[in-house]
Amino acid sequence: MVTSYTLPEGFTDLDVFGLGTALLVEGLMGFLLNGLTILSFYKIKELRTPSNFLVFSLALADLGICMNATIAAFSSFLRYWPYGSEGCQTHGFQGFLTALASITLMASIAWDRYHQYCTRTKLQWSTSITLVVFMWLFSAFWSAMPLMGWGEYDYEPLRTCCTLDYTKGDRNFISYLVPMAFFNFVVPFLIMFTSYQSVEKKFKKTGQFKFNTGLPVKTLLMCWGPYSVLCVYAAIENATAVSPKLRMIPAILAKTSPTINAFLYALGNENYRGGIWQFLTGQKIEVPQPDNKTK
């Protein structure tokens with residue numbers, strides 16, 4: 001006998017299956033590409049530089065997002081959350097931790113690229129490791145707060161995954177949201193925007209364009225902007241007035257970030273791409289190293 005479960009309000013069987021499929025594709029694609037990024041860094045000695053360590057760390061964070069998406073996809077196919085309330089809290093914490101780490105590490109890469117191309121200052125291992133450890137601890141702090149009562153984790157509208165509960169919109173949520181969003185989205189956005197603006201000016205001055213300086217900021221806004229807007233809206237108005245399907249779109253968009261980041265920061269990086277090719281084929285490609293000079 002097949003057990004029957006009640007569908008989440010506002011969703012049909014096709015909706016649940018479609019969203020679950022989208023989450024599965026996002027999870028598996030991101031897992032494959034970021035796993036390749038991580039393994040290449042581990043196996044190819046030439047890739048193990050302080051700057052590439054930031055890309056490696058970003059891939060680790062994005063791999064965590066992919067794991068979160070895959071678990072949500074599995075639950076969607078079951079049509080219910082099988083891990084109980086404690087599992088929901090763990091899922092929410094893990095997803096939020098890796099998401100915040102991913103965003104702040106993107107800002108770290110932008111900061112490094114600014115110094116690489118504009119000040120000609122080479123990133124040192126001590127700085128790179130310190131930066132990565134700080135970003136993970138900083139993200140862990142903000143992700144742990146809802147477990148301690150400042151903010152709260154609860155089910156997404158699909159009720160097959162968990163995240164920060166924005167539906168209450170009470171004082172507790174607002175007091176948590178404002179500083180969390182400022183330090184984990186606004187500040188990283190400003191660092192990325194100003195860093196890449198400076199790099200673009202440098203590229204125009206030299207006539208040598210190493211990469212598209214606009215894509216990282218556009219990617220951040222495309223993947224995480226809608227989710228941020230939804231949370232801010234929830235602090236002003238009743239978020240439950242928005243249809244459940246519409247509220248799931250920001251979550252689905254956010255989970256495209258790992259795949260896009262892999263193309264942008266690993267495969268889109270000439271040096272890192274050469275290392276990945278060497279890992280896959282054994283053929284070494286001579287890639288010109290950045291002309292960095294330590295001040």
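**Figure 1. Cys 161 and its closest cysteine neighbour in the predicted model.** The sulfur of Cys 161 lies 6.9 Å from that of Cys 162, its closest cysteine sulfur, and this is too far for a bond; a disulfide requires a pair of cysteine sulfur atoms within 2.5 Å. Cys 161 is buried, at 6% relative accessibility. Here buried denotes under 20% relative accessible area, exposed over 50%, and partly exposed the range in between (1.4 Å probe, protein chains only). The model is predicted: local features need pLDDT of at least 70 and side-chain atom pairs count only at pLDDT 80 or more, while totals for chains, interfaces and linings use all residues. Residues are numbered from 1 along each chain as its sequence is written, and side-chain values use heavy atoms, with hydrogens and water left out.

**Figure 2. The disulfide between Cys 88 and Cys 162.** The two sulfur atoms are 2.1 Å apart. The torsion about the S-S bond is about -120 degrees, so the disulfide is left-handed. Because Cys 88 belongs to helix 3 (residues 84–119) and Cys 162 to strand 2 (residues 162–164), the pair ties together parts 74 residues apart in sequence. Helices (H or I, at least four residues) and strands (E, at least two) are DSSP runs, numbered from the N terminus. Cys 88 is buried at 2% relative accessibility, and Cys 162 is buried at 5%.

**Figure 3. Cys 66, a cysteine in no disulfide.** The nearest cysteine sulfur, that of Cys 223, is 12 Å away. Cys 66 is buried, with a relative accessible area of 1%.
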